[in-house]
Structures are given as C-alpha cells and as structure tokens.
Amino acid sequence: MADALRVALAGLGTVGAGVVRVLDANRDLIARRAGRPIEVVAVSARDRHKDRGIDLNRFDWVDDTGALAHADADVVVELIGGSDGPALALARATLAAGKGFVTANKAMLAHHGYELAQAAEAAGAPLKFEAAVAGGIPVIKGLREGAAANAIARVYGVLNGTCNFILSTMEAEGRDFAEVLAEAQALGFAEADPSFDIDGVDAAHKLSILAAIAFGSRPAFDAVEAHGIRGVLAADIAEAAALGYRVRLLGVAEAGASGLFQRVHPHLVPVSHPLAHVTGSTNAVVAEGNFVGRLLFQGAGAGEGPTASAVVADLIDIARREFGPPFAMPAASLETPEPADGGSRRGRAYVRFSVVDKVGVLAEIAAAMRDAGVSIESLIQRGAAVDGSVLVAIVTHEGPERSVAQALERLRGSQSLTGEPLWMHILG
Ligand SMILES: NC(=O)C1=CN([C@@H]2O[C@H](COP(=O)(O)OP(=O)(O)OC[C@H]3O[C@@H](n4cnc5c(N)ncnc54)[C@H](O)[C@@H]3O)[C@@H](O)[C@H]2O)C=CC1
Ligand SMILES: N[C@@H](CC=O)C(=O)O
Ligand code: NA
C-alpha cells in the first residue's frame with residue numbers, strides 16, 4: 001500500500017474529536033477505499049488536558065496552531081471556526097506552503113472563499129469543505145460533480161440544524177424557544193455564538209457557498225439578505241399548522257435576469273412539500289437543474305458523527321488525488337453577479353401582527369394593506385392575548401413583495417402595534 005496521507009488537525013471540539021473517532025473506527029476500510037492509510041500526526045487545540053475520550057499521546061501536540069502549516073504533514077484540517085483570526089491565518093499559510101486544506105468553516109469560506117480558492121489554485125493544492133454546508137450530506141460533491149452538466153435555476157433548503165431543531169421541536173412539543181436552543185447547544189449543533197444560528201447568519205454563510213458552486217459566482221456573504229427565527233412564536237407555528245403549513249428557515253438562491261437573488265428567511269412550507277418533513281437537526285437542499293430536474297439532498301446537517309464523516313470523505317478524495325477547483329470552476333471564471341432586487345419577486349406571504357385589543361385595529365391593518373395594493377386571502381384574529389396583545393395573522397394572495405414591505409412601512413410606528421410584525425414567505 002502507498003504511503004500514508006499525513007494529517008495535521010487544528011481543533012478538537014465536537015467535529016475535531018469526531019474526525020479522530022471516525023479515522024480510528026473505520027481505519028482499515030478507509031485505507032482500502034483511499035488506497036493508502038490516513039493518519040493524524042499532529043494536533044492543536046486550546047486545552048491540551050481536556051478529556052475528549054480519545055488518546056492524544058500518539059500525536060504531536062502543537063501549542064501554536066499556526067505552526068501546523070509547517071508540520072510534517074500533507075494536509076491540514078481546520079476545525080477551529082471563526083471567519084478570520086487563527087483559522088484564516090492557518091488556511092493562508094497552509095496553501096502558501098503547497099499543502100492541502102480541509103475545513104468545515106463556512107464563515108471563513110463565505111467571507112474569504114474566493115481568495116482561498118485562488119491561493120489553492122496557485123499552489124496546485126486541494127481546498128475542500130464538504131462539512132461546511134449541510135454537515136454530513138454530500139451536497140458540495142453532489143452539486144460540484146454530480147450536477148456539473150446542468151445550469152441550475154434555483155437552489156434552496158433547510159441549511160441550519162439548530163434552527164430546524166428548534167422549530168420542529170416547538171412544533172411537536174409546544175416547548176419554549178430558549179429551552180430548545182439550550183438543548184441544541186448541549187447536543188453540539190449550535191455555533192460558538194448561537195446568534196449566528198438563530199439570526200440566519202450561519203445559513204447565509206452556507207447559502208453563499210452553495211450559490212457560488214451552483215451559479216459560478218464568487219462567494220459573497222454580503223450579498224445574502226439574512227433573517228432569523230427570533231420573531232417566530234409558538235402561536236405562529238400553530239397557526240401555520242392550522243393553515244396546512246410548517247415553519248422552516250430556508251435559504252434560497254435563484255439566478256434571474258436582474259441578477260442573483262440570495263436570501264435566508266423563515267418560510268411557510270406546504271405539508272405536501274418534502275422540506276416540511278425535515279425535522280430535528282436534519283438538513284435538506286433542493287437544486288433544480290435544466291437536464292437532471294429536481295435533486296433533493298437530505299441528511300444530518302450538524303453534530304459530531306455526520307460532520308466528521310464529511311471531513312474524512314474530503315481526506316479520502318485527497319488521498320486518492322481526486323480534487324478539482326473548489327467552487328466547481330477555476331477561480332478566474334467565477335463572476336460577481338448583480339444582487340437581484342427581492343422587491344420585484346412575487347409570492348404569497350404570512351404576516352402576523354401583535355396589536356392592542358381595541359376597536360379599529362383590524363381596519364387600520366386592512367387599510368394599510370389595501371393602500372399598498374396587497375390583496376388579502378385570509379385574516380385570522382386569535383382572541384388569546386400574548387403579553388396583553390392580540391395576534392392578527394394575514395395570508396396574502398400572490399403579489400409583489402414590495403407591496404407587503406410598503407404596507408408594513410405604513411404601519412411602522414402605529415400605536416396599535418405592540419411589537420415588530422413577523423413576515424414569512426410562503427414557499428411556492
Ligand atoms: N458542530 C457542528 O455540528 C458543525 C460545526 N461546523 C464547523 O466546524 C468548526 C468547528 O466546530 P465545533 O467542533 O462545533 O466547535 P467546538 O467549539 O466544539 O470546537 C472548536 C475547537 O477549536 C479549538 N480552538 C478554538 N479556538 C482556537 C484557537 N485560537 N487556537 C487553537 N484551537 C482553537 C477549541 O479548543 C476546540 O477544540 C466550526 O467552523 C463550525 O462552524 C460545521 C458543521 C457542523
Ligand atoms: N450550527 C450549525 C452547525 C452545522 O453547520 C447548524 O446548526 O446547522
Ligand atoms: Na456537506
């Protein structure tokens with residue numbers, strides 16, 4: 001058998017420790033598949049003495065994570081996290097040294113993916129990141145390789161395991177948001193700063209990477225409009241269910257005549273749609289290709305085993321010397337499309353208001369909708385008060401999103417509203 005692929009590993013948290021466990025448990029099988037053994041030779045993390053349930057004595061311990069770029073290894077695996085700082089410094093130094101780089105760090109790729117792809121190409125070194133989008137699901141490989149013959153019209157899906165775990169647990173058990181978030185953190189799904197999850201930032205990182213591969217664009221986090229799930233109440237989930245929908249945080253990227261549209265936003269998904277049945281930390285990505293049709297990738301989007309599985313799959317590809325341009329085409333071919341204006345998109349919407357319980361409020365809301373040209377399909381008022389407020393939910397007929405935005409703008413500052421309205425798009 002050929003010489004081992006020598007790996008230096010930065011970060012021994014949920015994913016890093018998982019990588020060691022996968023390589024240990026499936027050692028022989030992986031060697032046979034890769035054509036050679038894959039061996040961790042050096043590791044670095046913040047705490048040398050923490051009990052991770054793995055024997056670290058067989059590896060060189062490196063205090064300075066940045067020094068891993070110069071360790072006696074073929075590939076560096078970065079599982080520290082953070083868009084800049086030590087992770088980015090390690091990526092730059094590793095690729096400059098002509099070594100392979102594997103990462104699960106979607107934040108870094110969303111902000112610096114283009115630069116790193118250029119560096120990888122200049123060095124002739126692999127840059128791989130299957131774990132960065134939708135954890136264990138081989139969606140990067142699926143789009144980059146399997147769907148490479150297709151023009152993609154739209155790619156969308158459930159991209160954040162923590163939010164999906166929160167929404168589907170609230171839905172199934174009627175439990176409180178904060179309590180379910182704490183559980184997601186304990187299970188190792190959440191980011192170091194969980195506001196990245198619940199404010200839609202993590203899903204936006206992932207969407208920008210998917211869009212780069214699907215549409216040949218440079219990853220551009222700033223071009224993604226990101227909204228999260230903080231405003232979603234248990235009452236919205238119940239109302240959605242009564243209307244035949246489930247609430248899901250979706251990332252949507254679509255190529256159109258006016259440019260590339262990229263948005264993360266809570267949606268109402270019809271129960272007949274496969275994404276409505278994606279529960280817990282499961283992720284799912286739909287891609288629409290012009291010859292292959294609709295592809296659906298589904299599986300575990302977060303957690304130790306699935307994410308480590310994706311990291312090790314990248315290492316196996318490198319051991320086989322199977323790798324191409326990181327974003328499916330040479331970096332020089334990646335474009336910077338105009339961001340498309342969401343306002344001209346047409347669709348149906350669910351808009352929920354918290355209002356004071358007094359005569360005339362419904363008429364005020366209906367008038368704002370009418371004046372903005374929004375056609376109301378149904379209006380539901382729930383008598384049950386939340387913090388002294390009454391909830392009023394509106395489902396609109398199909399129309400331009402700009403009109404709903406105008407109606408909400410008209411109502412801004414109204415004495416009748418007791419909180420920010422919640423706007424969810426209805427997946428068409
Ligand atoms: N946990 C998950 O389900 C998934 C995580 N990811 C990504 O994988 C990466 C790692 O995530 P987790 O393992 O969950 O994080 P974690 O917080 O469990 O582990 C981070 C590790 O990096 C080490 N570290 C942090 N800063 C360091 C520094 N400056 N120098 C040296 N070591 C440092 C810590 O000591 C720890 O060992 C992140 O980029 C995350 O976004 C991606 C997909 C899923
Ligand atoms: N925090 C992320 C982890 C995987 O990418 C998530 O919840 O999806
Ligand atoms: Na993946």
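The UniProt record, in an unreviewed entry, lists a "binding site" at Ala 10, Gly 11, Leu 12, Gly 13, Thr 14, Val 15, Gly 16 and Ala 17. UniProt positions follow the numbering used here, feature names are shortened, and such annotations may be inferred rather than shown by experiment. The model under discussion is predicted: local features need pLDDT of at least 70, side-chain atom pairs count only at pLDDT 80 or more, and totals for chains, interfaces and linings use all residues. Residues are numbered from 1 along each chain as its sequence is written, while chains are lettered from A and ligands numbered from 1 in the order in which they are written.

Let me take two residues of that listed segment. Gly 13 sits in the loop between β1 (5-10) and α1 (14-25), and Val 15 belongs to helix α1. Helices here are DSSP runs of H or I with at least four residues, strands are runs of E with at least two, and both are numbered from the N terminus. Are these two residues buried or exposed? Gly 13 is partly exposed, because it has 17 C-beta neighbours inside 10 Å. Val 15 is buried, because it has 26 such neighbours inside 10 Å. The cut-offs are these: buried means 20 or more other C-beta atoms within 10 Å of the residue's own, exposed means 12 or fewer, and partly exposed lies in between, with C-beta atoms placed from the backbone.

Beyond its neighbours within four places in sequence, Val 15 is in contact with Leu 79, Ala 104, Ala 131, Glu 304, Thr 307, Ala 308 and Val 311. Contact requires C-beta atoms, placed from the backbone, to lie within 7 Å.

The record supplies a further position. UniProt also places the feature "binding site", again in an unreviewed entry, at Lys 106. Lys 106 lies in helix α4 (residues 106-123) and counts as buried, because 31 other C-beta atoms lie within 10 Å. Leaving out residues up to four places away in sequence, Lys 106 touches Ala 132, Val 133, Asp 202, His 205, Lys 206 and Ile 209.

I turn now to the ligands. Which residues come nearest to ligand 1? Of the 26 residues around ligand 1, they are Gly 11, Gly 13, Arg 46, Gly 81 and Ala 302. A residue belongs to such a shell if its C-beta atom, placed from the backbone, lies within 6 Å of the molecule. Helix α1 gives the most to the shell around ligand 1, namely three residues. By class, that shell holds 11 nonpolar, 12 polar and three charged residues. In this scheme Ala, Val, Leu, Ile, Met, Phe, Trp, Tyr, Cys and Pro are nonpolar, Asp, Glu, Lys and Arg are charged, and the others, Gly among them, are polar. Domain 1 (5-132) and domain 2 (139-300) each supply at least three residues to the shell around ligand 1.

Around ligand 2 are Gly 135, Asn 160, Gly 161, Thr 162, Phe 189, Ala 190, Glu 191, Asp 197, Asp 202, Gly 301 and Ala 302. Three of these are nonpolar, five polar and three charged. Asp 202, part of this shell, is also among the contacts of Lys 106.

Next, the overall architecture. The assignment gives domain 1 (5-132), domain 2 (139-300) and domain 3 (343-426), with bounds from an automatic or database domain assignment. The C-alpha centres of domain 1 and domain 3 lie 49 Å apart. Of the 428 residues of the protein, 49% count as buried. Among contacts with a separation of 6 or more, residues 24 or more positions apart account for 75%.

Two backbone details deserve mention. Ala 134, in the loop between β6 (127-128) and α5 (139-146), has a positive phi near 60 degrees although it is not a glycine. Ala 134 is buried, because it has 33 C-beta neighbours inside 10 Å. Arg 321, in the loop between α11 (304-319) and β13 (346-355), likewise has a positive phi, of about 60 degrees. Arg 321, however, is exposed, because it has 9 C-beta neighbours inside 10 Å.

Finally, Leu 379 is in strand β14 (residues 376-386) and is partly exposed, because 15 other C-beta atoms lie within 10 Å. Apart from neighbours within four places in sequence, Leu 379 is in contact with Val 392 and Ile 394.

Notes: Contact = placed C-beta atoms within 7 Å.
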